Amino acid sequence: MACPGGCIDGGGTARIKNSYLSHAAARAKTVYQIDRARVYRQSHANPDVIRLYDEFLGKPNSELAHHLLHTYFTDRAKAPDPETISQIWKLVKLG
């Protein structure tokens with residue numbers, strides 16, 4: 001994702017007039033310390049994930065894994081505002 005500062009300082013962070021900025025470095029340090037202390041730092045090395053694939057999903061990217069673990073997105077971009085009369089008249093060529 002393209003969160004500023006990554007997930008530590010990105011979406012879902014409470015923002016009150018940028019007061020969160022002073023705490024961002026401490027949050028980042030704590031999250032990285034927790035990550036370094038984890039036994040399993042990668043999902044594909046986690047025995048529970050390995051077991052899930054072995055006993056239920058089959059292999060990575062199998063049809064079942066794809067159906068259950070992937071999502072789809074809909075473009076919800078706002079349509080451009082309609083042109084104003086003056087903008088339209090600039091485009092009109094008479095004669």
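Predicted model: local features only at pLDDT ≥ 70, side-chain atom pairs only at ≥ 80, totals over all residues.
Tutor: Residues are numbered from 1 along each chain as its sequence is written, and side-chain values use heavy atoms, with hydrogens and water left out.

Student: What does the secondary structure come to?

Tutor: The chain has 4 helices and 0 strands, in the order α-α-α-α along the sequence.

Student: How many of the residues count as buried, as a percentage?

Tutor: Of the 95 residues, 11% count as buried. The term buried means under 20% relative accessible area, exposed means over 50%, and partly exposed lies in between (1.4 Å probe, protein chains only).

Student: And what share of the contacts is between residues 24 or more positions apart?

Tutor: Such pairs account for 3% of the contacts with a separation of 6 or more. A contact means heavy atoms within 4.5 Å.

Student: Let us turn to α2. What caps its N-terminal end?

Tutor: N46 does, with a side-chain oxygen 2.7 Å from the backbone nitrogen of D48. A polar contact of this kind is a pair of N or O atoms within 3.5 Å; within protein, one must be able to donate a hydrogen and the other to accept it, and residues adjacent in sequence count only if both atoms are side-chain atoms. Just after α2, G58 takes a positive phi of about 85 degrees.

Student: How many salt bridges does a search of the whole structure find?

Tutor: The search finds 2, where a salt bridge is a side-chain nitrogen of Lys or Arg within 4 Å of a carboxyl oxygen of Asp or Glu. One joins the side chains of E55 and R51 at 3.2 Å, N to O. The other joins R41 and D35 at 2.8 Å, N to O.

Student: Why are E55 and R51 separated by about one helical turn?

Tutor: Because they are 4 residues apart in helix α2. E55 counts as exposed because its relative accessible area is 59%.

Student: And R41 and D35, buried or exposed or in between?

Tutor: R41 is exposed, at 52% relative accessibility, whereas D35 is partly exposed, at 28%.

Student: Which residues make the nonpolar surface patch?

Tutor: L52, F56, L64, L68 and L69 make the patch, which covers about 460 Å². The elements giving two or more residues to the patch are α2 and α3 (63-69), and α3 provides the largest share, 3 residues. Patches are made of residues with over 30% relative accessible area and no salt bridge; like charges are joined within 9 Å, and nonpolar side chains (Val, Leu, Ile, Met, Phe, Trp, Tyr) within 5 Å. Accessible areas come from the Shrake-Rupley method with a 1.4 Å probe, and for residues only the protein chains shown count as cover.

Student: Where is L52, and how accessible is that residue?

Tutor: L52 sits in helix α2 and counts as partly exposed because its relative accessibility is 38%.

Student: Now the loop between α2 and α3. What does the side chain of S62 reach?

Tutor: S62, in that loop, reaches the backbone oxygen of L57 with its side chain at 2.7 Å. S62 is buried, with a relative accessible area of 12%. N61 also belongs to the loop between α2 and α3, but N61 is exposed, at 63%. Although not a glycine, N61 has a positive phi of about 70 degrees.
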